[in-house]
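Thanks for coming. Please have the sequence and the model open.

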Amino acid sequence: METHQLNGVNVGKLDGKVAVITGGSAGMALAGAKLFVEEGAYVFIQGRRKDALDDAVKEIGRNVTAVQGDASDLDDLDRLYDTVKREKGSVDVLWAHAGNGEEAVLGEISEEQFDRAFSLNARGTLFTVQKALPLINDHGSIVMTGSNASLGAFPGWSLYAGSKAVQQAWARVWLNELRGRKIRVNVLTPGQVATAKQEELFDGATIAAFESLIPRGKMGRPEEIATVALFLASDDSSYVNGMELVADGGATAI
Ligand SMILES: NC(=O)c1ccc[n+]([C@@H]2O[C@H](COP(=O)([O-])OP(=O)(O)OC[C@H]3O[C@@H](n4cnc5c(N)ncnc54)[C@H](OP(=O)(O)O)[C@@H]3O)[C@@H](O)[C@H]2O)c1
């Protein structure tokens, strides 16, 4: 897909917009970054591994700046936004996507596991948003990536579910705090999505068990989340605010 033109004029859904995406060097956020650029945006992606960022920049091809850093590290977030401010001055779309998850059954949860989950999914997400605020333009869109684990009752995933569930509360309060600036805040909540990381984490039997919960019997593809992110980022969702949009093939619904 290329930036759409009508009579020589760009009419992409994000024409002239600046987007920041944490965790944007792989998986669904990389698919989203590509789509945002195809729709006319300039995109900043953040991730910890330089090689992955370099590959992502090549894959996206144009209108992208990669800033190496950890979304749970407040100094790294400052460096990210300093770069954005220097290069573009302001932000229209913030997709706080970086997150992590690991299995941990109640009774065996360690302090380290608790801190790992909450320092990125909760604390990191909050400061990713808060530190972006001075740069976000009026009518901007903030999207946070949740997980349908927070809507279910999957044994072993309470820590992850809890660390993501905060976002639904934050979206509602923050949009009210930001109403004067007409900034929308929504949560994009994926179900199982086939990424390289998924394949690394789970064996074939586990993936088959996940897929048995999905009506169509197949996990989502990163591109199927990217289109939902584009919807929430763009004016297509201008009347959608404070919502959690679940993209999980119906797994939560049934
Ligand atoms: N895949 C799923 O089935 C699924 C389902 C529900 C929700 N989610 C959520 O989706 C997000 C992950 O997306 P994905 O599965 O598409 O990604 P992925 O393929 O696992 O890639 C993760 C991306 O995030 C970056 N990242 C990881 N930790 C980071 C950190 N602390 N700071 C900055 N960047 C970081 C990674 O790069 P580096 O490693 O180089 O930092 C990479 O670019 C998480 O929020 C996760 O909770 C995933």
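A residue is called buried under 20% relative accessible area, exposed over 50%, and partly exposed in between, using a 1.4 Å probe and the protein chains only. Helices (H or I, at least four residues) and strands (E, at least two) are DSSP runs, numbered from the N terminus. This is a predicted model, in which local features need pLDDT of at least 70 and side-chain atom pairs count only at pLDDT 80 or more, while totals for chains, interfaces and linings use all residues. Residues are numbered from 1 along each chain as its sequence is written, and side-chain values use heavy atoms, with hydrogens and water left out.

Let us begin with helix α2, residues 50–60. Its residues Ala52, Leu53, Ala56 and Ile60 are buried. Seen down the axis of α2, the buried residues fall within an arc of 100°, so they line one face of the helix. That arc is taken from the directions from the helix axis to the C-beta atoms. As background, an α-helix has 3.6 residues a turn, so residues three or four places apart point the same way. On the face of α2 turned away from the buried side are the exposed residues Asp51 and Lys58.

What covers the buried residues of α2? The cover includes α1 (27–38), β4 (42–47) and β5 (64–68). Contact here means heavy atoms within 4.5 Å.

Next, the end of that helix. Just after α2, Gly61 takes a positive phi of about 90°. In the loop between α2 and β5 sits Asn63. Phi of Asn63 is near 50°, a positive value in a residue other than glycine. Most residues other than glycine have a negative phi. Asn63 counts as partly exposed, at 34% relative accessibility.

His139, in strand β7 (residues 136–145), also has a positive phi, near 70°. Is His139 buried or exposed? His139 is exposed, with a relative accessible area of 58%. Leaving out residues up to four places away in sequence, His139 touches Arg181, Lys182 and Ile183.

Now the interior. A nonpolar core is a set of buried Ala, Val, Leu, Ile, Met, Phe, Trp, Tyr and Cys residues joined through side-chain atoms within 4.5 Å. The largest such core has 31 residues, and those with the most contacts inside it are Ile21, Phe36, Val43, Ile45, Trp95 and Leu188. Two or more residues each come from β3 (18–22), α1, β4, α2, β6 (91–96) and α8 (222–233). Which element gives the most to this core? That is α1, with eight residues. Apart from this core lies another, of 27 residues, among them Phe44, Ile136, Ile142 and Ile183. In soluble globular proteins, nonpolar side chains tend to be buried together.

Phe36 lies in helix α1 and counts as buried at 1% relative accessibility. Not counting residues up to four places away in sequence, Phe36 touches Leu14, Ala19, Ile21, Ala41, Val43, Val93, Trp95, Ala229, Leu230 and Ala233.

Val43, in strand β4, is buried with a relative accessible area of 0%. The C-alpha atoms of Val43 and Val93, 50 residues apart along the chain, are separated by 9.2 Å.

Leu188, with neighbours within four places in sequence left aside, is in contact with residues including Trp95, Val143, Ile225, Val228 and Leu245.

Last, the ligand. Of the 28 residues around the ligand, Ser25, Arg48, Arg49, Tyr160 and Gln198 come nearest. A polar contact is a pair of N or O atoms within 3.5 Å; within protein, one must be able to donate a hydrogen and the other to accept it, and residues adjacent in sequence count only if both atoms are side-chain atoms. A ligand nitrogen atom is 2.8 Å from a polar backbone atom of Ala71. Elements that give two or more residues to the shell around the ligand are α1, β4, α5 (158–177) and α6 (196–201).

Key. A residue is near a molecule or strand if one of its heavy atoms lies within 4 Å of it.
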